[in-house]
Amino acid sequence: MTAQAGTGRTNQKQRTRTAIVAAARELTGTGAEVTMPAIARAALVSEATAYRYFPDLPSLISEALAGVWPPPAEALAPVADSADPVERVAFACEFLLRGILARQGSVRAMIAATITRPETVTTRPGIRFGLIDQALLPLEDTLGARDPDGFTQLKRDLAVVVSAEAFFTLTDLCGLDPDEAITSAVRTAATLTEAAVRANA
């Protein structure tokens, strides 16, 4: 094989990989169900080809979502000047859940994969944790200093509520429409934060 032919094959492989990732990114942005066959069809490749480049759906979705979510500080820029942790947490919760709603097909696929294959959990982006940390920055020198265990527990409590799992519980099992589900989760997150602040005032 000539060097030129080798370079051509490398370039073709890169184009194929790029097409698969682009198709996955476009599909995740629709909110529709995300599957490897659907991504392969959109990328104009076979499902077998898609699996040659990505061993499983979570690894592909993870790459497709890279850079899609803004950094926590950028996400919370509208409340950057607020020192009220309740307001900041409420904003962070709504921001996350609106993003999950817009990409729910891919989020559901990631959750399903990590339930059936726990070893793939590291492919989940964990957006909530950065948002929660950013939202609670005003408490670091108060609650965080006086009661670090309580501060850690508040973050754990919020991780349960500010989450895709909570959102899907409210929509799928409680029968709420998406807006109602988001309002409910935001209210719960704000209540948890307010209670923690009040208890340590």
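Helix α7 (residues 104-116) has 13 residues and reaches 18 Å from its first C-alpha to its last, close to the 18 Å expected at 1.5 Å a residue; the expected span is 1.5 Å times one less than the number of residues. This is a predicted model, in which local features need pLDDT of at least 70 and side-chain atom pairs count only at pLDDT 80 or more, while totals for chains, interfaces and linings use all residues. Residues are numbered from 1 along each chain as its sequence is written, and side-chain values use heavy atoms, with hydrogens and water left out.

**Overall build**

- The protein has twelve helices and zero strands; helices (H or I, at least four residues) and strands (E, at least two) are DSSP runs, numbered from the N terminus.
- Its C-alpha trace spans about 75 × 40 × 30 Å along the principal axes.
- Of the 201 residues in the protein, 40% are buried. Buried means under 20% relative accessible area, exposed means over 50%, and partly exposed lies in between (1.4 Å probe, protein chains only).

**Helix α7 and the largest pocket**

- The buried residues of α7 are G105, S106, V107, A109, M110, I111, A113 and T114.
- The largest pocket has a volume of about 230 Å³. On a 1 Å grid over the protein atoms alone, a pocket is an open set of points where a 1.4 Å probe fits, with protein on both sides within 12 Å along at least five of seven lines. Grid points are joined across faces, edges and corners, and the volume is the space filled by probe spheres set on the points.
- Of the 15 residues that line this pocket, V107, R124, P125, G126 and I127 are the closest to its centre; a lining residue has an atom within 4 Å of a point.
- The elements that each give two or more residues to this lining are α6, α7 and α8 (127-135).

**Aromatic rings and charges**

- The count of aromatic pairs is two. Rings of Phe, Tyr and Trp (its six-membered ring) pair if their centres lie within 6.5 Å; planes under 30 degrees apart count as stacked, over 60 as edge-to-face and the rest as tilted.
- The rings of W69 and F95 have centres 6.1 Å apart and planes at 70°, so this pair is edge-to-face.
- W69 lies in the loop between α4 (57-65) and α5 (72-75) and F95 lies in helix α6 (residues 85-102), so the pair ties together parts that are 26 residues apart in sequence.
- W69 is buried at 13% relative accessibility, whereas F95 is partly exposed at 25%.
- R103 lies over the face of W69, at 4.4 Å from the ring centre. A charge sits over a ring if NZ of Lys or CZ of Arg is within 6 Å of the ring centre and within 35 degrees of the ring normal.
- R108 lies over the face of F168, at 4.0 Å from the ring centre.

**Cysteines**

- A disulfide is a covalent bond between the sulfur atoms of two cysteines; here a pair counts if the sulfur atoms are within 2.5 Å.
- The structure holds zero disulfides. The sulfur of C93 is 15 Å from the closest cysteine sulfur, in C174, which is too far for a bond.
- C93 is buried, at 0% relative accessibility, while C174 is partly exposed, at 49%.

**A loop residue**

- L44 is found in the loop between α2 (36-43) and α3 (47-53).
- The phi of L44 is near 60°, a positive value in a residue other than glycine.
- L44 is exposed, with a relative accessible area of 77%.
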